[in-house]
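User: Hi! I am new to reading protein structures, and I would like to learn how to spot the links between side chains. Could you walk me through them?

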Amino acid sequence: MRPRGVPARAVVLAVVVLVGLAGCARPSTREESGPPPLGTNGAPVPALDWRACGGAFTCADVTVPLDYRQPAGETISLAAVRLPATDPAARIGTLAVNYGGPGTPATSSLRRLAQRFAGLRARFDLLAVDPRGTGASAPVDCGPFGGDRVPAPVGPARTPAFWASAAEPGRACLAGTGERLRHLSTANAARDLDLVRQSLGEPTLSLYGYSYGTYSAGTYANLFPDHTRAMVLDGSLDLVANAAGAPGTERLPVDVRAGVSEAWEEAFGVALDRCAAAPSCPLGPDPRARATDVLAASAAGTLGATTNAELVARIDRALQTEGRLPGMVRSLAALAPGAPPSGGRIPLAAAPWAPEHSPSYLAIQCTDAVTPSAADMDAAVVDEQAAHPIVGASTALNHAMCVDWPAIDPDRYLGPWNAPLAATALLVNSRWDPTTPLIDARATASQLSAAHVLVVDAIGHTTLDAPSRCAQDAYTVYLLDPTVTPPEECPAGL
């Protein structure tokens, strides 16, 4: 899955106070002392030179401070892409889109996926900025890990060697990226986006965030509520769980406090129940039992060449997207002849599935979220494995590499999340999302000052992978007029 000084001269300070207060952020919950970040803290507004860059798209390089406490100090360059509104006379404003990750380049994603906002193209400029540390925006340099995916070091015993392995990405990223690694928080990316807003001359932005992009949008909206017109969170993280955890859960791993294992199991079970209800199911009349037999055999290492990690990773990929579910069932059925009856018991796998992340994902997620200690994570793994033998270890150790991450941004934003918004936020979530559970969307709705949840009756992660024409129409109408109340439920399908 997942922030500074002002010139001392009085005349400059007066200008900063007069001009900058409209963008003042609410103080963040912070672990280190120091002045709270005040909006963009007097940072110079970049002059954007938009140039044609294919089709109707225009691109620009955005110069922003590395450290907002030193707004006149070192700078970095960000990549931005914009698709101008097709009816300038009827233009409402700019819709900033974040496609998740963290670590996913937003600019290339907008180029591929802009058609999903076809109903808004006349009235909005579409904008995407690669968040700092990703894509073409001062990307992290993690040496031996390069741009490759980094597997979590999952194993049944968390030994000193395990934790040494878990720390390797952080050490490599610090060595390759240096001081920049301390400034890659989502809060700083929000400050960057607000500088872009100022450069565009927009009084407000509308926001659309997918998955981690919901955390990005939620952070911006709480740092800059006066500059947030409307906000759609599609496949929402639980903002509190991702940041530091609700009281009593702070010592749990991020995905455990977000309830990911339970959501994953529920989505898997619903997919099998659908097969049972079909005229014929490749897994027979009791697909849950037969799938359990297959998983038990893979965990025990008796399923031939198919390892437990490979099988669970395959299932996880299928659960992200409605269209892959039939193939998942067929794959399980093909393995079933080699799986004896298990009695419903799945042993703990010797080598569980290890989720993979990009270095840029780790650089952002590990600074955004408060991660428990290795000892607390070890204790959580034992409980999570016992409660959820298929994915418990993977869930608990998903962010093992974040333990003792070597460069935490002292100005990361940890809440509160209830800044008064100009319009009720719209949260769109699949009923059975294995990655950002519906319970997380409902939790975030309760944390925001005003929110409405629209449930898509589907298995899958965000409307990108669980598309719904009804939901697409609903968020289109909402973004055109945020005073309209969207439906509470939508069927899947286009």
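**Links between side chains**

Analyst: Happy to! Let us begin with a pair of cysteines: Cys275 and Cys281 are both buried. Keep in mind that this is a predicted model.

User: How many disulfides does the count come to?

Analyst: The count comes to five disulfides. If you number the bonded cysteines along the chain, the pattern reads 1-2, 3-4, 5-6, 7-8, 9-10.

User: Which residue does a disulfide join to Cys142?

Analyst: Cys142 is joined to Cys173, with an S to S distance of 2.0 Å. Cys142 sits in the loop between strand E5 (124–129) and strand E6 (150–151), while Cys173 belongs to helix H3 (residues 160–177), so the bond ties together parts that are 31 residues apart in sequence. The link of Cys142 and Cys173 is right-handed, with 100 degrees about the S-S bond. Cys142 and Cys173 are buried.

User: Is the disulfide of Cys470 and Cys490 left-handed or right-handed?

Analyst: For Cys470 and Cys490 the torsion about the S-S bond is about -60 degrees, so their disulfide is left-handed. Helix H17 (residues 469–480) holds Cys470 and strand E12 (residues 489–491) holds Cys490, so the pair ties together parts that are 20 residues apart in sequence. The sulfur atoms of Cys470 and Cys490 are 2.0 Å apart.

User: Is Cys470 buried or partly exposed?

Analyst: Buried means under 20% relative accessible area, and exposed means over 50%. Cys470 has 26% relative accessibility, so Cys470 counts as partly exposed. Cys490 has a relative accessible area of 3%, so Cys490 is buried.

User: In which helix do Asp194 and Arg197 both lie?

Analyst: Both are in helix H4, three residues apart, which is about one turn of the helix. The side chains of Asp194 and Arg197 meet in a salt bridge, 2.7 Å from N to O. Asp194 and Arg197 are buried.

User: And where do Asp376 and Arg251 lie?

Analyst: Their side chains meet in a salt bridge, 2.8 Å from N to O. Asp376 lies in helix H13 (residues 374–387) and Arg251 in the loop between helix H6 (239–243) and helix H7 (254–257), so the pair ties together parts that are 125 residues apart in sequence. Asp376 is buried, with a relative accessible area of 17%, whereas Arg251 counts as exposed at 59% relative accessibility. Finally, salt bridges that share partners join Arg91, Asp125 and Glu202 into one network.

Technical notes
Residues numbered from 1 in each chain as written. Predicted model: local features only at pLDDT ≥ 70, side-chain atom pairs only at ≥ 80, totals over all residues. Heavy atoms only, no water. Disulfide = S-S within 2.5 Å. Helix = DSSP H or I, 4+ residues; strand = E, 2+ residues; numbered from the N terminus. Buried < 20%, exposed > 50% of the residue type's maximum accessible area, 1.4 Å probe, protein only. Salt bridge = Lys/Arg side-chain N within 4 Å of Asp/Glu carboxyl O.
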